[in-house]
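The sequence and the model come first.

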Amino acid sequence: MTDDAERTPSAGRRRPNIVLIALDTQRADHLGCYGYGRDTSPNIDAIASEGVVFERCIAPNIPTHPSFTTLFSGKEAITHDIVNIGGGVPVADGVRLLPEILRDNGYATAAVDNMGRHFTRGYERYEQYQWDRSDPTVLRKAETVTNLALPVLDDLVAGERPFFCFLHYWDPHTPYLPPPGYEDLYTDSGRDPYDPDNHSMDEAWSWEPFKWYFHDWMPGVTDAQHVIDLYDGEIRYMDDDLARVFAALERVREDTIVVITADHGEVLNEQLGYFDHHGLYEGNVHIPLIISWPGTLPAGRRIPGLVQNLDVAQTLLDAVGIPQREHMEGLSLFPVLSGVRDGNYDTVYLSEATWEVKRGLRTDRWKFIRAIEPDPHGRPMVELYDLHADPGEQDNIAESEPAVVKELSDRLDAWLGRRLAETGKTRDPVAEQGACASAIGQPRPDEVVGAGATPLRDRVGSGGGAANIPDPSELNAGR
């Protein structure tokens, strides 16, 4: 890619199709194409080998609702106003989303998704789903989405218009309950998930807001590695099912841009907040971004610099030759693809406001996190990590590096002040809306929680069942 002529459809040529596949809660570093040691993603890796892998794509606004709004609007959360999950604030007036823009420019638009809200806007066809919960030990999430997606794709491919299709997969979001063949795919047969002498899950079982939810779908588990094995099993199950989608696209592959990304990742056992996606740590904010367009984008290209999911909408409009008039704040990725620069940013600014209320920033070297409300896990109000020396963010050096803390805090303040001025706001919406979640799961006072609890398969038929993916309305049970 060297100039606009190479990426803009020529006169008389139909614009390319776009298939945007979102893998909910997918850490970048648990995919093979991002260097993971387990073979969790051979089909995604094959698409990556045909396209471009952005090695350091950041989701600046987490979790799901703010991140997807940023993805589709090309605008940062201060502009679009969606800063948390189900917080009750509508998307800001005048903010238009990518499917609306594409529809208004002649695209057929369809989605297989279940978020509802403003995420339905712009779609001529919006297929929602519920998972089969007849077996409480299994949630067949991926195949539910694919079974709806295949006839949608058949109709779009047969149509006369170019199409945009959004497919939202909920693997590997909790609960990690993959089907048979995947639940023990990565499990070491010599490990006992319920070993009472294994204390690696003690912190997870001691955190009141989540312990009853965890008790619904992994009661009695004491081995944190077993839960990570289940997370990886979910990824492989989803990846195997995605092979059906990729096969359905083969007949139009050279005319179709495929984007694979995520809304956020997941903290596993490396931070407090086990097996959820709160905390502005790399496990949560570093997401995959893969863009493949055979014959147009270079195959096997890897981009090392910082980019954001904020950039995706602008990039896709550039790719299909539609001028955007929405004042998007993301930067097109084409200058990166053409070698003008290694990445789009030196600094990425971060926010979250669901379980925790925090802002932060990430540079090549530093991660700076500043709490607006006290941390529910009791962490300090200020955190600083040297990502070169401590990529796992285990050593908070804020107290020993006051000069760095001041520099980054001043930079965050300056950015925030500028953004508020640009949007005409007088108060940070993250601080204004605050936390909207405090507890999930129904207490069962007569049951043991943690070590010694009856395993899920043994509870079936006795009133115990698996948890479904939490709806936003369930996240404030304790407020």
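## The mixed sheet

Glycine 360 has isoleucine 369 of β13 opposite it. Strands β12 (residues 357-363) and β13 (residues 366-371) are antiparallel and share five bridges; two strands count as paired if DSSP finds at least two bridges between them. Helices (H or I, at least four residues) and strands (E, at least two) are DSSP runs, numbered from the N terminus.

β12 and β13 belong to an open sheet of five strands with mixed pairing, ordered β3-β11-β12-β13-β14. β3 (61-62) and β14 (382-386) are the edge strands, each pairing on one side only. Helix α13 (residues 402-423) packs on this sheet, where it touches β11 (347-353), β12, β13 and β14. Contact here means heavy atoms within 4.5 Å. The direction of α13 makes about 70 degrees with that of β13. Axes are lines fitted to C-alpha atoms, for helices over the stretch in contact, and angles run from 0 to 180 degrees between N-to-C directions.

## Basis of the model

The model is predicted: local features need pLDDT of at least 70, side-chain atom pairs count only at pLDDT 80 or more, and totals for chains, interfaces and linings use all residues. Residues are numbered from 1 along each chain as its sequence is written, and side-chain values use heavy atoms, with hydrogens and water left out.

## Overall dimensions

The protein chain contains 15 helices and 14 strands. Its radius of gyration is 22 Å, close to the 23 Å given by the globule rule for 479 residues, so the chain is as compact as a globular protein of that length. The radius is taken over C-alpha atoms, and the rule is 2.2 Å times the number of residues to the power 0.38.

Along the principal axes, the C-alpha atoms fill a box of roughly 70 × 55 × 40 Å. Of the 479 residues, 61% count as buried, meaning under 20% relative accessible area (1.4 Å probe, protein chains only). Among contacts between residues at least 6 apart in sequence, 72% join residues at least 24 apart.

## Strand β1 and helix α3

β1 (17-23) has seven of its seven residues buried. Asn17, Val19, Ile21 and Leu23 cover one face, and Ile18, Leu20 and Ala22 are on the other. β1 runs parallel to strand β7 (residues 256-261), joined by six bridges, with asparagine 17 opposite threonine 256. β1 also pairs in the parallel sense with β6, over six bridges; there, isoleucine 18 stands opposite phenylalanine 164.

Helix α3 (residues 64-73) is largely enclosed by the rest of the structure, because ten of its ten residues are buried. Among them are His65, Phe68, Leu71 and Phe72. The buried residues of α3 pack against β1, β3, α4 (77-80), α5 (98-104), β6 (163-169) and α11 (312-320).

## Helices α6 and α9

The axes of α6 (residues 141-158) and α9 (residues 224-249) come within 9 Å and cross at roughly 10 degrees. That makes α6 roughly parallel to α9, a term used for angles under 35 degrees.

On α6 the contact residues include Lys141, Glu143, Leu150 and Leu153; on α9 they include Glu234, Tyr237, Asp241 and Arg244. By class, the contact has eight nonpolar, two polar and five charged residues. Ala, Val, Leu, Ile, Met, Phe, Trp, Tyr, Cys and Pro count as nonpolar, Asp, Glu, Lys and Arg as charged, and the others, Gly among them, as polar.

Key
Angles under 35 degrees count as roughly parallel, over 145 as roughly antiparallel, 65 to 115 as roughly perpendicular and the rest as oblique. Buried means under 20% relative accessible area, exposed over 50%, partly exposed in between (1.4 Å probe, protein chains only).
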